[in-house]
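Biologist: Could you show me the model? I would like to ask some questions about it.

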Amino acid sequence: SSSNSGSGHSNTNSTSSTSSNAPRPRGSGAGGSGASKTAGTAAKATSASAVTVADLFKAGVHFGHHHGLWNPKMAPYIHSEHDGCHLIDLDKTKPMLEKALAVTRQVASKGGVILFVGSRPQFEEPIRSAALTCGEYYVAKKWMGGTLTNCLETLSRNRQPDLMLFFTVPVSGVAMKEARDCGVPSIGIMDTDCDPSAVTYPVPGNDDTPAAVHLYLRLFTAAVLEGKGDRAPRAAR
């Protein structure tokens, strides 16, 4: 979707094309600093199993775009319209988000590679921070074609990601297509102008309000950490 000046919430879809687009490795970022894995860091993440409709409402997850910008495929997830803008049905968002979090936790518990993806400049640092907090990979700038198909080299472990998390779906079309072409399962936050069939596990929700995006990042970070915590006792046995 393009920049939506008439939407019910700001949708700045500009992307950054500077610097390398290779997925950043676990435990290192653009500056090479490692992710902290202390108990204090993990404690800052919201429990992936504790999200409520009230939490979603408070973060503004229900705010959709102006009705003229909607994608008809999102109709099942729209609750109503207010002042010309669609409102997302949070009673439908909650179980779909919980499913996506459960999938993320399961992949992490099996030692899978998880790639956080977002291409809006205002969320570059939060996405980078979330991935590093849980020791996973990220692409927080404009996705360059071939990034995933060439990831056997960029991820250096002779494997593709086991799961991709999309937080800026309208500007991630190329990356989502590569995920589908490569058979990589994906999770995507779907605002009312998005196509929910573009990912494996869609989550209806506002995709550009900072409070909403930060909530998603906290929840998915917690899911990864919980999954890795599930793996640790098994490894010790």
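Here are the questions and answers on this structure.

Biologist: What kind of model is this, and how many helices and strands does the chain have?

Modeller: This is a predicted model. The secondary structure of the chain holds both helices and strands. The count is seven helices and eight strands.

Biologist: What share of the residues in the chain is buried?

Modeller: The chain has 237 residues. A residue counts as buried when its relative accessible area is under 20%. Residues of this kind make up 51%.

Biologist: Of the contacts between residues at least 6 apart in sequence, what share joins residues at least 24 apart?

Modeller: Take the contacts in the chain between residues at least 6 apart in sequence. Those that join residues at least 24 apart come to 68%.

Biologist: What share of the accessible surface belongs to carbon and sulfur atoms?

Modeller: The accessible surface of the chain is about 10,200 Å². The part that belongs to carbon and sulfur atoms is 54%.

Biologist: How do the rings of Phe116 and Phe167 pair: stacked or edge-to-face?

Modeller: The structure holds two aromatic pairs. In the pair of Phe116 and Phe167, the ring centres are 5.9 Å apart and the planes are at 20°. Planes under 30 degrees apart count as stacked. The pair is therefore stacked.

Biologist: How many residues apart in sequence are the parts that this pair ties together?

Modeller: Phe116 lies in strand 4, residues 114-117. Phe167 lies in the loop between strand 6 (163-166) and helix 6 (173-182). So the pair ties together parts whose separation in sequence is 51 residues.

Biologist: How do the rings of Phe167 and Phe220 pair: stacked or edge-to-face?

Modeller: The ring centres of Phe167 and Phe220 are 5.9 Å apart, with the planes at 75°. Planes over 60 degrees apart count as edge-to-face. So this pair is edge-to-face.

Biologist: Where does Phe220 lie?

Modeller: Phe167 lies in the loop between strand 6 and helix 6. Its pair with Phe220 ties together parts that are 53 residues apart in sequence. Phe220 lies in helix 7, residues 210-236.

Biologist: Is Phe220 buried or exposed?

Modeller: The relative accessible area of Phe220 is 1%. Buried means under 20%. Phe220 is therefore buried.

Biologist: Which residue has its backbone oxygen 2.7 Å from a polar atom of the side chain of Ser109?

Modeller: Ser109 lies in helix 3, residues 90-109. Ser109 is buried, with a relative accessible area of 11%. The backbone oxygen 2.7 Å from the polar side-chain atom of Ser109 belongs to Gln106.

Definitions and conventions. Residues numbered from 1 in each chain as written. Predicted model: local features only at pLDDT ≥ 70, side-chain atom pairs only at ≥ 80, totals over all residues. Heavy atoms only, no water. Helix = DSSP H or I, 4+ residues; strand = E, 2+ residues; numbered from the N terminus. Buried < 20%, exposed > 50% of the residue type's maximum accessible area, 1.4 Å probe, protein only. Polar contact = N/O pair within 3.5 Å; in protein donor to acceptor, adjacent residues only side chain to side chain. Contact = heavy atoms within 4.5 Å. Areas by Shrake-Rupley, 256 points an atom, 1.4 Å probe, with all protein chains shown as cover. Phe/Tyr/Trp six-rings, centres within 6.5 Å; stacked < 30°, edge-to-face > 60°.
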